[in-house]
Amino acid sequence: MRVVVGLAMLVPALGAGGTAGATGSSVGSPLDWGACPAPAKVETAGSGAVISRSAPAVSGVECATVRVPLDYHEPLGQSITLALNRIKAKVPRDGNHLGSLLVNPGGPGASGRSLAEYVSAALSQKVADRYDIIGFDPRGVGNSEPSMHCVDAATYFAPPRPDAVPRGQEDEKVLLGRATDYANRCGDLYAWLLPHLTTENTARDMDSIRAALGEPQISFLGYSYGTYIGAVYATLFPDRVKHLVMDSTVDPDGIWYKANLAQDKAFERRHHEFLAWTAKNNDVYKLGGSATQTTFAWYAMRSRLHDRPAGGVVGPSELDDTFTVGGYTDRIWPDLAAAWSKYVRQGDAKGLIDVFNKYGKQDADDENGYAIYLSVQCRDVQWPRSWAKWRTDMTRMHKQAPFLTWPNAWYNAPCAFWSVPGGTPVTIHASRRLPSILMIQSKDDAATPYQGALNMRKLFPSARMVVDAGGNHGASLAGNQCVDRHLVAYLLDGTVPRHGAECQKLPAPKPTVHMAAAGPLGHERLTELLSR
């Protein structure tokens with residue numbers, strides 16, 4: 001699970017028994033909805049790279065905060081604050097109102113408030129009008145308080161960074177230094193908070209939100225890592241689930257080290273699909289007429305950037321970050337191939353810099369996401385503490401999957417040195433009281449591979465899966481009308497396809513030598529390069 005992602009402005013440290021400067025609702029009290037602060041940056045995960053969806057303008061968005069216990073074993077102790085937003089249903093409560101639909105885009109570490117606006121605009125109106133759609137920033141994220149930052153993003157992620165693929169012991173020493181430094185910075189600044197950043201607590205926070213909304217049950221749409229939150233919530237609170245949608249499902253058997261190794265193989269396959277597509281369009285890009293030739297051309301470019309970063313900015317790590325986004329969505333393949341072609345064929349570095357700035361560059365918001373990503377994953381479960389094991393596993397995997405293995409490893413490496421030990425994750429299981437569950441999964445998804453979705457489905461007998469034959473991460477509300485018809489039917493009345501369903505993939509993107517317009521691309525902009 002990767003994200004590329006400082007000392008930014010930190011919230012004041014909390015003393016024992018204090019609060020996180022919370023305003024708005026007290027723990028368990030009704031929400032006080034009002035005007036919203038500045039618009040949230042949209043992140044949906046995407047991990048991790050987290051998928052970011054750019055929301056069209058939505059009227060009537062309201063915001064609130066809710067206090068939740070820092071430690072649910074001490075509900076009357078220290079509290080923290082979660083930031084929420086709401087797009088109210090147009091149908092009145094005494095009509096055909098369907099309750100509240102909470103949404104989460106993944107991560108860990110992604111803000112859900114802009115996703116709520118996106119879902120409200122992208123859903124069929126006959127569905128959106130009947131739900132209060134609720135977004136929330138999980139604990140430590142975005143506008144929630146505290147908002148966690150461990151280092152200065154501008155310094156820590158200043159390009160060009162060290163090559164993520166070490167060429168020897170000295171390179172490995174530098175990379176290990178970065179990983180241990182990040183882990184130590186988080187531990188030094190947030191010793192009071194880190195023990196409580198877990199998926200289980202996020203699920204309990206969702207139930208606190210449900211209670212503050214005054215709802216006996218909630219519906220939930222989770223993408224990527226958000227599916228794991230949904231599975232944990234369904235395990236802990238089965239009676240409080242009305243509808244549950246899991247889109248791009250995390251493997252419950254791989255939490256979390258094992259899942260990263262599975263990702264490495266899946267991204268290798270997806271990267272080869274991109275290279276084959278580039279070869280198929282050789283008349284446009286002229287980078288090679290076969291996947292073998294484009295593979296050689298790509299790694300030759302990466303090797304050259306090691307010694308001569310493009311424009312002094314895009315080195316091999318920046319290249320990895322940028323092209324990894326193509327593993328999440330083929331809609332940006334034309335941008336990536338055009339920049340690559342101009343660099344190789346014309347010696348023009350501007351294209352590589354442009355796609356890096358558009359898809360790979362990290363800022364303070366991304367560092368916040370990275371801090372929470374590590375905090376949750378490192379705390380959820382025990383990670384290998386012996387770097388020798390990491391080195392052995394990554395050396396072996398790199399031979400099979402050179403595209404992502406080492407970048408992914410270094411992204412997660414702070415977990416080997418995390419100041420708080422990993423715990424025991426919730427054992428996912430189904431209650432007979434759970435309603436039907438809708439799972440949506442792309443067959444060739446790299447960030448959350450298909451086998452992991454099958455493993456999750458085994459744990460929930462009431463789940464039915466809609467399979468998109470493509471490879472894009474996050475299949476619903478992304479242009480596939482077949483997928484969205486099943487989503488609409490389920491959210492209206494719980495209807496699921498009796499034996500599951502398959503949908504054709506969207507057409508491959510058309511090649512072009514011109515980059516798409518600047519600015520976020522909505523569904524496919526990934527600011528966390530590997531999210532869940």
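How many nonpolar, polar and charged residues does the lining of the largest pocket have? By class, there are 9 nonpolar, 6 polar and 8 charged residues; here Ala, Val, Leu, Ile, Met, Phe, Trp, Tyr, Cys and Pro count as nonpolar, Asp, Glu, Lys and Arg as charged, and the others, Gly among them, as polar.

Before we go on, a word on the model. It is predicted, so local features need pLDDT of at least 70 and side-chain atom pairs pLDDT 80 or more, while totals for chains, interfaces and linings use all residues. Residues are numbered from 1 along each chain as its sequence is written, and side-chain values use heavy atoms, with hydrogens and water left out.

**Stop 1: the largest pocket**

Select Arg270, Asp330, Gly471, Lys505 and Leu506, which are the closest to the centre of this pocket among its 23 lining residues. The space here is about 370 Å³, a volume being the space filled by probe spheres set on grid points joined across faces, edges and corners. On a 1 Å grid over the protein atoms alone, a pocket is an open set of points with protein on both sides within 12 Å along at least five of seven lines, a cavity is a set where a 1.4 Å probe fits but cannot get out, and lining residues have an atom within 4 Å of a point. Now colour helix H7 (residues 257–280), which gives the most to this lining, with 5 residues. Helices (H or I, at least four residues) and strands (E, at least two) are DSSP runs, numbered from the N terminus.

**Stop 2: the second largest pocket**

Next, pick His73, Pro195, Thr198, Glu200 and Asn201, which lie nearest the centre of the second largest pocket, lined by 18 residues. About 320 Å³ of space lies in it. Helix H5 supplies the largest share of the lining, 4 residues.

**Stop 3: aromatic rings**

Show the Phe, Tyr and Trp side chains: the whole structure has 28 aromatic pairs. Rings (for Trp, the six-membered one) pair if their centres lie within 6.5 Å, and planes under 30 degrees apart count as stacked, over 60 as edge-to-face and the rest as tilted. Zoom in on Tyr156 and Tyr182, a tilted pair at 5.4 Å centre to centre with 55° between the planes. Are these two buried or exposed? Both Tyr156 and Tyr182 are buried; buried means under 20% relative accessible area, exposed over 50% and partly exposed in between (1.4 Å probe, protein chains only).

**Stop 4: disulfides**

Finally, display the cysteines, where you will find 4 disulfides, each a pair of cysteine sulfur atoms within 2.5 Å. Start with Cys150 and Cys186, joined at 2.1 Å from S to S. Cys150 lies in the loop between strand S5 (132–137) and H3 and Cys186 in helix H4, so the pair ties together parts that are 36 residues apart in sequence.

Then move to Cys36 and Cys63, whose sulfur atoms are 2.1 Å apart. Their S-S torsion is about 100°, so this disulfide is right-handed. Cys36 is partly exposed at 32% relative accessible area, whereas Cys63 is buried at 9%.

End at Cys482 and Cys503, with 2.0 Å from S to S. This link is left-handed, with -70° about the S-S bond, and both cysteines, Cys482 and Cys503, are buried.
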